[in-house]
Amino acid sequence: MNNALPLVIAIPMITAVISLLGRHRPGMQKGVGLAGSLALLSTSIAILAGVLLEGILSVQIGNWPAPYGITLVADVLSSLLTLVAAVVVLLVSIASWTEIDPDRVAFGYHPLLHILTMGICGSFLTGDVFNLYVWFEVMLISSFVLLGFGGERAQLEGTTKYVTLNLLSSTLFLAGIGVLYGTFGTLNMADLALQLRGPTHAHLAETLATLFLLAFGIKAAVFPLFFWLPASYHTPPVPVSAVFAGLLTKVGIYALVRFFTLIFSGDAAVMHRIILVLAAFTMVVGILGALPQRDFRRIVSFNLISHIGTLLVGLGIFTPLALAGTVFYLMHDIVTKTCLFLFTSIVQRLGGCADIGKLGGLYRSHPFMALLFLLAALSVGGIPPLSGFWGKLILVQAGIAEKEYWLVAAVFGAGFLTLYSMSTLWSEVFWKDRPEAIGDPECECVGRTFLPLSLVTPIGILVFLIVVMGIWPSPFFHLAELAARQLSDPQMYIQKILQGKP
Amino acid sequence: MIGRAFGLSCEGCHMFSIVLATATRFLLPLLLLLSVYLLVRGHNEPGGGFVGGLVAASAFSLYMIAFDVEKTRRLLRAEPRALVGAGLLVALGSAGVSPVLGKPFMTGVWLERTLPVVGKVGTPFLFDVGVYLVVVGVCLMILLTVAEE
């Protein structure tokens, strides 16, 4: 079972290489992409099953023992996220069949998507800080190209902001790694966790924690470092922004969760306090940003930021229940955000543009799509019995148990505004009558009425998942609880990696 | 155009340096040989796939400056992208040998016998060959694209 772990990295790499070699044959690239994503999905299911049966899985790359070699580790959180990522990549690569123009395919869209997947899966599985940095770079480099290629004006502007801020984040991350290695002489996460338990390093731990909080905070788009996200996520082709929204920011969240439960958990009470404040600000400021926006994808982008804040709430409260809430919300958020971004494609096809003021009346022509969107939107808004409700419920419960009433108020406030933003979106795009043409040539074209099956099916599956997680939440909550139990007791993780050592 | 920037040859500017062209004809095989030498000695001594690949790529770029892009592509035969792909597969293949033998991923597996010129042969050497191919491919992909613009 342990040997399946490197497969999660090898499969996307092989997929990317084969589709690179067949880059003049788009048909073959689609087939290879589909086969590769399915293989990744089945491997990640096998890994999750293995983790549930046998406990934490780990493999030492090259058979070099733990503090020296690179470790790949799968606990419940990592394997769960890998599984969700595999689902998202499969669905997005199907949606790309019709939503990516032939020029971008010829330029190498498919290989890049799978390299990005490799980076994401690698980040989830690695147990080594420097290796994590490498996977971040793999992810970033492919995402730079995915954002920028095509070379439209708006796209380049968005990419510049994205690249600049992410390079800054990488620099901070690397600086943190340097200090870490200089002080402790190790970069293995389990070993670091062990060494940072010592009381002598309290101040250094806080400094380092701040560096990493900044670095991952930029990647995850946490207040006040989120400006790059709404500036860039609405510019690339829809499937690209769907996979970015679904997975990239979540990798930042995953890194924060991993670092602040495993490595900086001892004296870092202050840090968890800071994370709580940041979470509250991210939630409220993010959703306030969504209210004045008129572009479909920009509205969803600001919603995305707001829910990054919600995800951090659990990490800030730092009780097993709260962490379980974060894990549950993470699953929900990846699925819904991918779904909402994919909806942009449908709206653009049907309405001809993405400006919600000029759209309208889609409910009349496509009631089924309107229903699907309504379900996804209500789930984001946290209406029972959809997936978003349970995630928020657990977080609120954990908040009340810890007497963090102001935080609970922030969750409710942000949730209310999210609901407002989502219902505005629905009523503007689907419900109200389509306004008479105002003389804007860009929106004059009444869009096509044809919706390709390869776009509708992934959205349908995502909405189905949202509904299933809502109506039948107990297995998902059970998984989240298991993940949280492992996170709040890092001793198990440390012992598994450093077998024999104290 | 890189050629024009160096004041050397290319169809557009009709400046063809016979000295450079003649020297390149002799230097190219030597440089390629050097790159392979660096690749082979790389396991225990300075060298390896990365440096070897850089030297090989620089040999081809010298050829490109002396002659032109078209001729370089013809000399190279394979497309640079294909080199990158093949290199990645070779590297991955070398890492995949050990799981088949029941050891963790990427564990070095060595042959018992030593080969005459190369010395000890094992999967780390194969990995280096993969790196070599990727480096040659990437460098030439960039250089040839820029020169064609």
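Which backbone nitrogen lies 3.3 Å from a polar atom of the side chain of His332(A)? The backbone nitrogen of Gly388(A) holds that place. The model is predicted: local features need pLDDT of at least 70, side-chain atom pairs count only at pLDDT 80 or more, and totals for chains, interfaces and linings use all residues. Residues are numbered from 1 along each chain as its sequence is written, chains are lettered from A and ligands numbered from 1 in the order in which they are written, and side-chain values use heavy atoms, with hydrogens and water left out.

His332(A) sits in helix α14 of chain A. Helices (H or I, at least four residues) and strands (E, at least two) are DSSP runs, numbered from the N terminus. His332(A) has a relative accessible area of 1% and is therefore buried. Buried means under 20% relative accessible area, exposed means over 50%, and partly exposed lies in between (1.4 Å probe, protein chains only). Contact means heavy atoms within 4.5 Å. Not counting residues up to four places away in sequence, His332(A) touches Ser379(A), Val380(A), Ser387(A), Gly388(A) and Met469(A).

Ser379(A) and Val380(A) are among the buried residues of α16(A). Helix α16 of chain A covers residues 367–381 and has 15 residues. Its first and last C-alpha atoms are 21 Å apart, close to the 21 Å expected at 1.5 Å a residue. The expected span is 1.5 Å times one less than the number of residues. Other buried residues of α16(A) include Met369(A), Leu372(A) and Phe373(A). The buried residues of this helix pack against α13 (296–317), α14 (320–351), α15 (362–365), α17 (387–401), α18 (405–431) and α20 (453–471) of chain A. Just after α16(A), Gly382(A) takes a positive phi of about 85°.

Salt bridges were then counted. A salt bridge is a side-chain nitrogen of Lys or Arg within 4 Å of a carboxyl oxygen of Asp or Glu. By this rule there are 13 salt bridges over all chains. Side chains of opposite charge can pair when their charged atoms come close. One bridge joins Lys250(A) and Asp333(A), with the closest N and O atoms 3.4 Å apart. This pair links distant parts of the chain: Lys250(A) is in helix α11 (residues 238–263) of chain A, Asp333(A) is in helix α14 of chain A, and they are 83 residues apart. Both Lys250(A) and Asp333(A) are buried. A network of salt bridges links Lys250(A), Asp333(A) and Lys337(A).

Lys161(A) and Glu157(A) also meet in a salt bridge (3.0 Å, N to O). They are 4 residues apart in helix α7 (residues 153–184) of chain A, so about one helical turn separates them. An α-helix has 3.6 residues a turn, so residues three or four places apart point the same way. Lys161(A) is partly exposed, with a relative accessible area of 36%. Glu157(A) is partly exposed too, at 47%. A further bridge pairs Arg104(A) with Asp101(A) (2.8 Å, N to O). Here Arg104(A) is buried at 9% relative accessible area, whereas Asp101(A) is partly exposed at 29%.

Chain B was examined next. Its secondary structure comes to 7 helices and 2 strands. From the N terminus on, the elements run α-α-α-α-α-α-β-β-α. Of the 149 residues in chain B, 38% are buried. Among contacts in chain B with a separation of 6 or more, 63% come from residues 24 or more positions apart. Glu70(B) lies in helix α4 (residues 69–76) of chain B and counts as partly exposed at 46% relative accessibility. The C-alpha atoms of Glu70(B) and Leu144(B) are separated by 9.2 Å, although the two residues are 74 residues apart along the chain.

The two chains meet through 15 residues from chain B and 15 residues from chain A. Together they bury about 1300 Å², 74% of it on carbon and sulfur atoms. Buried area is the accessible area (1.4 Å probe) that two parts lose on being put together, summed over both. In chain B, Arg81(B), Leu92(B) and Phe105(B) lose the most area to chain A, together 42% of what that side buries. Helix α5 (residues 80–95) of chain B gives the largest share of the side that touches chain A, 8 residues.

Notes:
A polar contact is a pair of N or O atoms within 3.5 Å; within protein, one must be able to donate a hydrogen and the other to accept it, and residues adjacent in sequence count only if both atoms are side-chain atoms.
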